[in-house]
Structures are given as C-alpha cells and as structure tokens.
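I opened this model with a few things to look up, and these are my notes. Please read along with the structure beside you.

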Amino acid sequence: MTSDQAPVLWPFVATPGLPPTGAQMGIDQLSGGSFFADPFGWVLDDEVPVTNSNIMQFGKPGRGKSGNTKAFCLRMMDFGYRTLILGDPKDEYEKLCLALGVEPFAIGPGMFARINPLAFGPLGQGWEKLSAEEAQRRAPIIFGRWLTLVRGLVGSQRIGEDRVPFGPDEGNVVENALRVLTGYSAGASRLRETTIPELWYLLNNPTEELIAECRYSSDRHFLDETRLLRNALGQLVSGALAGMFDAHTTIDVDWKAPIQSLSLRRLEPLGDDAMGIALTCVGSWGRGMREMADPGDLRVVVRDEVWKQFRLGPEAVKAYDADLRLSRTDGDIQWANAHKPSDPMSAGDQGSQAVAIAKDLMHLADIKILMGQDNAIGDELEQLLGLGPIARSLITGWGMQGKGRGLWVVGEQMYKVQTVLHPLERELTFTNEAIESAA
C-alpha cells in the first residue's frame with residue numbers, strides 16, 4: 001500500500017521525537033506533544049541528523065513567518081541567546097525592540113546612523129600589542145571579509161544586461177589597495193580604518209607602490225585595466241546609498257542588550273537593488289562584529305527579505321554564503337526568511353553559476369521551516385528540497401488553513417508543527433497594521 005494509506009493501520013507512528021530542550025514553539029500535530037526548537041542542541045546531539053544551526057524559513061506572505069521568527073527569538077532569550085536583526089526592511093521588529101527597551105538604529109537618507117562595512121571589528125582591536133604570528137593569522141580573515149564584500153558590491157552593478165565582472169585581477173587590485181590604505185603593507189603597528197570612498201579614490205589615483213604590487217607597467221596600464229572596477233565603485237559612492245555605508249560607523253551598539261536591530265525601512269523607496277546592496281553591507285558589518293565573540297555569547301542573527309540580496313547576482317550570493325558557513329564557529333544561529341524555495345534561484349539564469357551557488361545555500365541550512373504555500377509552489381518543494389507528496393499536501397493544504405502552521409524539516413526528519421503564541425506575543429508580532437487601518 002502507499003504511505004497515504006498506511007497511517008490508517010498505524011495511526012500513532014510518527015517521526016522520532018526531538019529532545020525537549022530549547023524554545024517551546026507549539027504543538028507537534030503528529031505526536032500530540034510539545035515541539036521544542038534547539039538548533040545548537042541538535043547539532044551536539046548525535047541522534048539528531050543536523051550538522052549546523054542555520055535555519056531557512058519559507059512561506060507565503062501572511063502565513064506567520066514573522067510571528068514564528070519573533071517567538072523563537074523571544075523564547076531563546078531564556079537560554080542566554082540575544083538577537084541581532086541584520087537589516088529590517090519593513091520595521092517589523094521595531095515593536096519587539098521597544099518592548100525590550102531597545103531603540104532600533106534607523107539607516108536612511110539624511111539619518112545620523114552610518115555603518116562602515118569596512119570596519120575592522122574586534123579582530124582589529126589592540127593590533128599594536130599583537131604578536132607577529134597573531135597579526136598574520138587575523139589579517140587574512142579581515143581582508144578576506146572585505147574582499148568578499150567588495151566583490152559582492154561590484155558584482156551587483158550592471159553593464160547593460162550583464163553584471164560587472166570581478167575576477168582574480170580585480171581581487172588582487174582591491175586587496176592590495178586595502179592593505180595600502182590600512183598601512184598593513186607598510187608594516188604599521190597600528191592599522192588605520194578605511195572606507196569605500198577612500199578605496200575608490202586610491203584606485204583612481206594609484207600610487208607607485210600599488211601599481212608595482214599589482215604588477216602593472218604604468219599608471220595608464222593600471223587605469224585602463226581597472227576601469228570597470230572603478231566605475232562600479234564610483235556608482236556606489238555617488239548613487240542612491242551615498243552617505244549611508246561610505247563613512248565611519250557612527251552608532252554605538254550595546255552588545256549586551258537582549259536585541260539590536262538595524263532598520264532599513266527608509267530605503268524602501270530606493271528600490272529592491274538598493275535594499276539588496278544595503279543588506280549586503282549590513283551583513284558584512286555584522287559578520288565582522290561577530291568574528292571574535294566571547295565564549296557563551298550566543299546570538300540569533302535574523303536576515304529578512306534575503307531574496308533582494310540574491311537578486312544582485314552570484315557575487316552577492318557568495319557574500320551571504322560566507323556568513324552561513326561561519327555560523328557554527330561563531331556560535332550564532334543564522335535565521336533567514338524568504339517567500340519560496342526558488343527565491344535563491346533569482347540570482348541568475350537557469351543553469352548559471354549563480355543558481356548553482358544558490359542551490360548550495362539550501363544545503364548550508366540543515367533546518368528548514370516550510371509554512372503555507374500555494375499549489376503552484378508544490379513542484380518547487382519536491383524538486384529543490386526532495387519532499388514527497390505527503391509533505392507537499394501538508395504545506396499547500398493544512399499549512400494554508402491557519403497562521404503559524406509549518407513543516408519543520410530537521411535534517412531529514414519532518415515535524416508538523418502549529419506555533420502557539422501567547423496573547424502578549426501576538427501583539428508584539430502583529431504586522432498587518434497598515435492593512436487593518438485601510439480596512
């Protein structure tokens with residue numbers, strides 16, 4: 001008989017239960033018991049088939065993704081976790097922040113808050129006191145993060161229908177320029193923080209040292225070969241996001257607070273590409289701030305509307321990919337929200353390098369939450385995630401009949417979960433004020 005018929009004879013057979021540790025999210029509809037979410041506990045438990053704590057949540061708008069995310073963040077605070085919202089495009093987390101006594105940092109045209117994505121972060125602190133071995137260990141991490149960022153920013157710019165290329169030559173130029181600007185190439189005992197406009201200026205006015213390091217024969221040779229790179233950086237410096245991510249950081253983040261959020265709502269009129277670039281900058285900055293987290297400093301790092309970053313092309317996807325790969329060593333739970341599993345595929349044409357990278361992202365999150373979807377998404381669920389017809393019908397049927405209903409895929413195990421919100425949580429997670437007032 002088929003698996004659809006088998007439950008008639010064995011109605012109480014369910015997926016192996018998970019340990020009752022972590023955030024109590026709601027009811028496991030198949031077993032009738034409570035469902036607990038403990039990503040790092042699952043990683044450390046050999047009985048649970050996961051190797052990383054990354055979470056990707058998919059669902060049609062209005063199916064309860066926001067409420068599920070906030071409930072998880074709130075409940076994990078009881079276990080010592082803090083929350084970092086790396087870009088809130090719609091101010092969905094403002095109410096939660098204010099309830100916890102924290103004012104979100106607002107980034108937008110004319111606002112005070114500035115974020116320098118080329119900030120050193122904790123790895124650059126006390127550089128003059130470091131041994132030569134420790135300095136040589138930290139330098140590749142810092143310059144590698146910056147190179148990933150610049151590659152993503154440059155690759156997001158277009159020449160007609162094509163993205164600006166960023167190959168090994170461009171990478172060599174950018175890394176050498178950053179080493180010159182910080183003083184690292186000169187062996188400075190104290191490094192100097194730089195910015196994207198300073199990088200752009202140096203590439204437009206290269207020094208003899210930089211030309212020699214990059215192995216160009218003359219300044220004219222250098223300028224001719226780096227024209228596309230310089231033009232792409234110039235668009236970022238003078239474009240819609242000018243003044244927001246191209247100066248030194250002006251905010252003082254209290255990392256001991258239960259939650260911190262970077263509001264990007266004021267960037268929404270600038271378009272999806274501007275928002276995607278902002279999310280890339282904020283993501284790189286946040287990664288730098290977490291590179292030397294103290295032992296026990298555990299954090300849920302929430303990334304909303306990640307599809308806007310994916311649409312910037314393969315280099316932007318690689319930047320996000322780098323964050324997911326480091327989550328286990330940083331002690332962070334990376335939680336990404338998207339609408340449908342094919343969102344990462346928007347990074348490029350079918351069969352392109354971008355799509356291949358985006359598909360790999362799905363494997364970097366061992367935990368997936370699949371909330372209600374239309375029938376049209378059913379094929380994606382089967383093709384991209386390897387789900388069967390029963391799981392598909394749960395998501396397109398049961399999942400669409402109420403908010404907070406989702407299929408939690410933990411490794412290869414699946415759990416049919418109804419998230420249960422306390423009335424106070426429901427008030428803090430409500431995101432339909434605009435629709436309700438219009439009605």
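I began with E305, which counts as buried at 10% relative accessibility; buried means under 20% relative accessible area, exposed over 50%, and partly exposed in between (1.4 Å probe, protein chains only). E305 sits in the loop between β9 (299–303) and α12 (307–310). Helices (H or I, at least four residues) and strands (E, at least two) are DSSP runs, numbered from the N terminus. Most residues other than glycine have a negative phi.

I found D91 with a positive phi of about 55° as well, and D91 is not a glycine. I located D91 in the loop between β4 and α4 (94–99), and at 15% relative accessibility D91 counts as buried.

**What I am working with**

This is a predicted model, where local features need pLDDT of at least 70 and side-chain atom pairs count only at pLDDT 80 or more, while totals for chains, interfaces and linings use all residues. Residues are numbered from 1 along each chain as its sequence is written, and side-chain values use heavy atoms, with hydrogens and water left out.

I noted 19 helices and 13 strands in the protein. Of its 439 residues, 55% count as buried. I also looked up contacts (heavy atoms within 4.5 Å): among those with a separation of 6 or more, 74% join residues 24 or more positions apart.

**Helix pairs**

How do the axes of α5 and α11 cross? I read roughly 175° for α5 (residues 132–155) and α11 (residues 272–289), with the axes coming within 10 Å. Axes are lines fitted to C-alpha atoms, for helices over the stretch in contact, and angles run from 0 to 180 degrees between N-to-C directions. The two helices are therefore roughly antiparallel; angles under 35 degrees count as roughly parallel, over 145 as roughly antiparallel, 65 to 115 as roughly perpendicular and the rest as oblique. On the α5 side I listed R145, T148, L149 and L153, which meet α11 residues including I277, C281 and R287.

The axes of α6 and α7 also come within 10 Å, crossing at roughly 110°. That makes α6 roughly perpendicular to α7. In this contact, α6 residues including V173 and L181 meet E198, L199, L202 and L203 in α7.

**Cores**

I then turned to nonpolar cores, sets of buried Ala, Val, Leu, Ile, Met, Phe, Trp, Tyr and Cys residues joined through side-chain atoms within 4.5 Å. The largest has 65 residues, and L199, L203, F222, L233, F245, L262 and W285 touch the most other members. Its largest share, ten residues, comes from α5. Apart from this core lies another of 38 residues, among them W42, V102, V302 and I367.

Leaving aside neighbours within four places in sequence, I saw F245 in contact with I107, I115, P117, I196, A278, C281 and V282. C281 is buried, with a relative accessible area of 3%.

**Cysteines and a loop**

I looked for disulfides (pairs of cysteine sulfur atoms within 2.5 Å) and found zero. The closest cysteine sulfur to that of C73 is in C97, 9.8 Å away and too far for a bond. C73 is buried at 2% relative accessible area.

Last, I checked G32, in the loop between β1 (23–28) and β2 (34–37). G32 is exposed, with a relative accessible area of 57%. G32 and V417 are 385 residues apart in sequence, but their C-alpha atoms are 9.7 Å apart in space.
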